[in-house]
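Hello,

Here is the structure we talked about handing over. Please open it alongside this email; my notes follow below.

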Amino acid sequence: MARASGGRWIIATSMTGPGAPVGRLYLIDARTHAFAPLSPDVSHPAEHMFSDCPGPPDLTRFAPHGLGLRTQSGGGVLYVVNHGGREAIEVFRLTSRREGPRLRWIGCALLPDHGSGNGVAPLPHGGFVATKFEDAGDPKAFAKMAAGEVTGAVYEWAPRRGWRKLPMSDLSGANGVEVSRRGRYVLVNAWAEGKVVRFRLGRAEAPKAVNAGFLPDNLRAAPGGQV
């Protein structure tokens, strides 16, 4: 889930499952607790920043997973991990409205290294970071995680440059991800390892990790910015 500016509206993802072959985005009203499907406008071509994107997602195959929101005046930009039809980060322009936000698709970034994504978080400079949980379609992925084997990593996407893998970010079950307020640090849940790992962006220094004592999944900053 991601909370839009103002706090009233919450955007949530619902992937796929038994009886639900197609995933959806949902809009939740935090005041009334009412919710409804949120259908994005996918009728426009990708913006120039996403010139490598092959086109809009197929909403009949959509399978949204993790998401992250960059709030801006009048709305923001929503980043969504999509497994439906392709493994990609789908990017939407969010426009604030009294009756609830509206979304318009503006581009995508196909995940590298045969990755099946999990979490995504925006960076201050216009890019974002995303986690590769496992190789897409790997039937032995969870067995590998149970054995503590590396199944994924952490990647940064930047305009014009595209993807790069963060140094020393090979993890078992890389999951939820969050960025510190100034963009210096990336925190990632290594789900299968039971750890939270911190990376320093832009510096070649070893990451630091703490044992969570459980299998950490989602990760979100507190309202005051603490992660």
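**Charges on the surface**

Four arginines, Arg 181, Arg 182, Arg 184 and Arg 203, gather in a patch of positive charge on the surface. One of them, Arg 203, sits in the loop between strand 15 (195–200) and strand 16 (208–211). Keep in mind throughout that this is a predicted model.

**Salt bridges**

Side chains of opposite charge can pair when their charged atoms come close. How many salt bridges does a search of the whole structure find? The count is 10. Here are some pairs to look at.

Start with Arg 8 and Asp 29. Their side chains meet in a salt bridge, 2.7 Å from N to O. This pair links distant parts of the chain, 21 residues apart. Arg 8 lies in the loop between strand 1 (2–3) and strand 2 (9–14). Asp 29 belongs to strand 3 (residues 24–29). Is each partner buried or exposed, or in between? Arg 8 has 24% relative accessibility, so it counts as partly exposed. Asp 29 is buried, because its relative accessible area is 6%, and buried means under 20%.

Next, Glu 156 and Arg 164. They form a salt bridge too, and the closest N and O atoms are 2.9 Å apart. Glu 156 is buried at a relative accessible area of 6%. Arg 164 is partly exposed, at 26%.

Then Lys 165 and Asp 170. Their side chains meet in a salt bridge of 2.6 Å, N to O. Both partners are partly exposed: Lys 165 at 37% relative accessibility, Asp 170 at a relative accessible area of 41%. There is also a network: salt bridges that share partners join Glu 47, Arg 93 and Arg 104.

**A buried glycine**

Now turn to Gly 127. Where is it placed? Gly 127 is in the loop between strand 9 (115–122) and strand 10 (128–135). Its relative accessible area is 0%, so Gly 127 is buried.

Which residues does Gly 127 touch, leaving out those up to four places away in sequence? They are Arg 70, Tyr 79, Pro 122, Trp 157, Ala 158 and Pro 159. For a sense of distance, take Pro 207, which is 80 residues from Gly 127 along the chain. The C-alpha atoms of the two are separated by 21 Å.

Best wishes

Methods. Residues numbered from 1 in each chain as written. Predicted model: local features only at pLDDT ≥ 70, side-chain atom pairs only at ≥ 80, totals over all residues. Heavy atoms only, no water. Helix = DSSP H or I, 4+ residues; strand = E, 2+ residues; numbered from the N terminus. Buried < 20%, exposed > 50% of the residue type's maximum accessible area, 1.4 Å probe, protein only. Contact = heavy atoms within 4.5 Å. Patch = residues over 30% accessible without salt bridge, like charges linked within 9 Å, V, L, I, M, F, W, Y side chains within 5 Å. Areas by Shrake-Rupley, 256 points an atom, 1.4 Å probe, with all protein chains shown as cover. Lys, Arg positive; Asp, Glu negative; His and termini not counted. Charge placed at Lys NZ, Arg CZ, Asp CG, Glu CD.
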